[in-house]
Amino acid sequence: VDILSVTHGECVSSIKTCVSRDEDVRFISCNSQNQLLVCTVEFIVDGSIAIEHFTVSLRNNNSLRHVWERSEKRLEGPLQPCFMYSPEEQFVATWDSFNSGYGVHILNAKTGETRHSLLTDQDNIVDCKFFVNCESLICCSKDNFLRLFNIRSGDLLSVLDIEERPQCLEAC
């Protein structure tokens, strides 16, 4: 994975990681410590049933050993998982990933453990962004509601009907 400067377009860092030939890489993100958050999917056919083996891991540069790894098997798929580090890199928000794509999950970035699961009855999350003080997360689903959550407590702080489904969100 090459890290490019958006100012100069030059490669500022290269990070190596290894995946199995059977795995399909769905997502890669890099944090400020040059660790890679890698999401892979492997399809396993069991008789007439296709099972998706979904794995997310945090990896150090050029190391075969993972800092942490989480896996789950699911029958539904294929999903396009999304992951996003919080600005201070304490948390990772993910959707279209765990629990067969239902909900938004706030993970501890250092351990991979789930801190909170939000909107667990919804599999139609459009986008999420960390907001203001890095303590809040805004999420929008296809039901056209924008929701504001406190990521430390998991509390729903506000719901706003925006009347149209956005393609993406941005926060500043």
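1. Burial terms and basis. Buried means under 20% relative accessible area, exposed means over 50%, and partly exposed lies in between, with a 1.4 Å probe and protein chains only. At 25% relative accessibility, Cys82 therefore counts as partly exposed. This is a predicted model: local features need pLDDT of at least 70, side-chain atom pairs count only at pLDDT 80 or more, and totals for chains, interfaces and linings use all residues. Residues are numbered from 1 along each chain as its sequence is written, and side-chain values use heavy atoms, with hydrogens and water left out.

2. Secondary structure. Helices (H or I, at least four residues) and strands (E, at least two) are DSSP runs, numbered from the N terminus. The protein chain has 14 strands and zero helices. Read from the N terminus, the order of elements is β-β-β-β-β-β-β-β-β-β-β-β-β-β.

3. Overall dimensions. The radius of gyration is taken over C-alpha atoms, and the globule rule is 2.2 Å times the number of residues to the power 0.38. For 172 residues, a compact globule would come out near 16 Å; the protein chain has 17 Å, which agrees. Along the principal axes, its C-alpha atoms fill a box of roughly 50 × 45 × 30 Å.

4. Burial and contacts. Of the 172 residues in the protein chain, 42% are buried. Contact means heavy atoms within 4.5 Å. Take the contacts between residues at least 6 apart in sequence: 34% of them join residues at least 24 apart.

5. Surface and charge. Accessible areas come from the Shrake-Rupley method with a 1.4 Å probe; for residues, only the protein chains shown count as cover. The protein chain exposes about 9,700 Å², and carbon and sulfur atoms supply 47% of that area. For charge, Lys and Arg count as positive and Asp and Glu as negative, while His and the chain ends are not counted. The place of a charge is NZ of Lys, CZ of Arg, CG of Asp or CD of Glu. There are 15 positive and 25 negative side chains, and the centres of the two sets lie 6 Å apart.

6. Cysteines. A disulfide is a pair of cysteine sulfur atoms within 2.5 Å. By this rule the count is zero. Cys82 is in no disulfide; its nearest cysteine sulfur belongs to Cys128, 8.4 Å away. Cys140 is in no disulfide either, and the nearest cysteine sulfur, that of Cys139, is 8.8 Å away. With a relative accessible area of 1%, Cys140 is buried.

7. Positive phi. Most residues other than glycine have a negative phi. Glu89 has a positive phi, near 60 degrees. Glu89 sits in the loop between strand S7 (82–85) and strand S8 (91–95), and at 21% relative accessibility it is partly exposed. Asp96 also has a positive phi, near 55 degrees. The loop that holds Asp96 runs between S8 and strand S9 (104–108). Asp96 is buried, at 16% relative accessible area.

8. Gly101. This residue lies in the loop between S8 and S9. Gly101 is buried, with a relative accessible area of 1%. Beyond its neighbours within four places in sequence, Gly101 is in contact with Arg74, Leu79, Asp96, Gln122 and Asp123. Gly101 and Thr111 are ten residues apart in sequence, and their C-alpha atoms are 21 Å apart.

9. Ser71 is partly exposed at 41% relative accessible area; His66 is partly exposed at 26%. Leaving aside neighbours within four places in sequence, Ser71 is in contact with His53, Phe54 and Thr55. Ser71 and Ser57 are 14 residues apart in sequence and 8.6 Å apart, C-alpha to C-alpha. The C-alpha atoms of His66 and Ala109, 43 residues apart along the chain, are separated by 13 Å.

10. Asn60. Where does Asn60 sit? It is in the loop between strand S5 (49–59) and strand S6 (66–74). Asn60 is partly exposed, with a relative accessible area of 32%. Ile15 is 45 residues away along the chain, yet the C-alpha atoms of Asn60 and Ile15 are separated by 8.6 Å.
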